[in-house]
Structures are given as C-alpha cells and as structure tokens.
Amino acid sequence: MTTDTGTEVFEEHRPALMGVAYRMLGRVADAEDVLQEAWLRWSTADRGAVREPRGYLVRVTTRLAIDRLRRIKARGESYVGPWLPEPLVTDLARTVPDTEERAVLADSVSLAVLVVLETLSPLERAVFVLREAFGYPYAEIAALLDRGEPAVRQLAGRARRHVGERRPRYEVDPDQRRDLTERFLAAAAGGDLDGLMSLLAPDARLVGDSGGKARAPLRVLESADKVGRFLVGVAHKGIPDPSVRFLEVNGGPAVLILSGGEPDSVFQLDVTDGRVQTVYIVRNPDKLRSLAG
C-alpha cells in the first residue's frame, strides 16, 4: 500500500474515527490530537499486513482515546462551573439519510448524553460508544480492547444501566426543536419574560459553561422563573455588534451568537412535551475556537 493510498484509506475512515474520539473525549481539540496520533501510527505501520484497515484504525483510535481520557482523569483538573462538551458541528440530516439511524447517532452525540458519559470509566465509555453509537458486536469490541467477551458484556451492561438512570428523556424531532429555538431566541433577545415563560417547562434548567473565562452562571439554574429572569438580564446588558447563525450542533439545532463576527456563545435547547426543558449555553472561549470563521 503506497503512502498516497494509505492517506486515502485514512481519510475515508476519518469521519468514523472522529466520531469515536469525540464521543470518548467530548473535546474537539483532544479528538483531533488523537486522530493525528492515529495517523502517525498508521503511516508507519506495515499496512500490507493489515487485513481490515477500518478495524485497525478504530482499535488504534479507541485505545489512544482511552489513554488520553485516563490522563485527563488522573490530573483531576478542577473546572470552574458546570462542564459541557465542546460543541461539535454536525450535518446528520444530509449525511445520514435513514431517519432511525440518524436519531440514534444524534442521541449518542447529544450534549445531555455526553455529560452523562463523563461519569463513566474510560473502558465503560469505550464499550458504550462502540456498542451503542456504532453497533459493534461484543466479540469485535472484545478484540478491539483486548478483553474477554464476558468482561465486555459486563462493562456494557454496567454502562447502559448507568446512562439509562441518568439520561434525560427528550424529544428529538428536529423541526419542533428548530421552531422552539427560533421563538425562544426571539423572546430572549427581546427581553420578553412572558414570552420566555410560555416556552419554558416549570422545572426548566439552564446549564452554562464558561470555564471561569466568560460570564455565565457558576451553578445550574433550576426553575422557569430563574432561567427566564437570567436570560432577560442578559438581554438587557446586550453584547457589542451582535449577530446570530443557526447551525446543527451535536445532532440538533443550535444558535451561534457572534460579537463583532467572533463566536461569543452557543446555545441549544432540549424539549419535552413541546416545552423547553433544558437550556445549554457554552461561553468558554476555548470551546468556541473551532466555530470561528
């Protein structure tokens, strides 16, 4: 296999590898670093001896992601305020024509699920991602991770129970979420408290991620009244030279708010029974760099 052919093979599988690495790490920059290291290993490997390039690359990427996740956890870094994954721009409506498959992929990369995955061990997370998001058989996951199949089944069961207990149940209809997002944005931008309250569920929550590097609540806001009043306060303060852009983030509609053409924040809504259940706002500038330009 020539270098050019090796590059073509790697690029062919890059979207799947990025999908694995990002779901494992919840950070675009970390996932890209893992892919770069996977490429270096692939470029120096005896590729002629590799019968299944995709399997080889997924194994390398998964193991590298596990190692990186272990190092992150071992450092025990403290994060200022609530943590959310780095927003990942997706285009599932175009790239995944099957609606059922699209719904599964959107759920597996959603902000709500990735927050829960942060509480799993690295091995549990790897098994869950490979099984639930990519449908790998247990025997294949066992081979990828050099574990026995019974052990992998135990890890999968434990991870599935853990995620099932903590995963919020939201509607994933993209048209409904887009409609609510547009109405919510209009009400929030206009400082319309009554309009916001009509869209928020009584027990609505707001999760703001600033990492201590931008203004955002340092605790999760609970209740429609607190969420609505916070957003009205933000509207009254305003941001310089604002503009907005709609895009798909983590499998669902979202809004990128720009200030002077530079990313200021991303917000996304989770919806239940036609009402906004959770408002996610990412303002940490380190997590918005990939959205610039």
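Let's start with two helices: α7 (residues 122-133) and α8 (residues 138-145) pack at about 140 degrees, with their axes 10 Å apart. Here helices (H or I, at least four residues) and strands (E, at least two) are DSSP runs numbered from the N terminus, while axes are lines fitted to C-alpha atoms, for helices over the stretch in contact, and angles run from 0 to 180 degrees between N-to-C directions. This is a predicted model, in which local features need pLDDT of at least 70, side-chain atom pairs count only at pLDDT 80 or more, and totals for chains, interfaces and linings use all residues. Residues are numbered from 1 along each chain as its sequence is written, and side-chain values use heavy atoms, leaving out hydrogens and water.

The angle makes α7 oblique to α8 (under 35 degrees counts as roughly parallel, over 145 as roughly antiparallel, 65 to 115 as roughly perpendicular and the rest as oblique). On the α7 side, the contact (heavy atoms within 4.5 Å) is made by Leu123, Ala126, Val127, Leu130 and Arg131; α8 brings Tyr138, Ile141, Leu144 and Leu145.

Now turn to the open sheet, whose 6 strands follow the order β2-β1-β6-β5-β4-β3 with mixed pairing (two strands pair if DSSP finds at least two bridges between them). Because β2 (221-222) and β3 (242-249) stand at the edges with a single partner strand each, one side of each has no neighbour in the sheet. β3 runs antiparallel to β4 (residues 252-259), joined by 8 bridges, and Pro242 stands opposite Ser259 in β4. Helix α10 (residues 174-189) packs on the sheet, touching β1 (200-209), β3, β4, β5 (262-272) and β6 (275-282).
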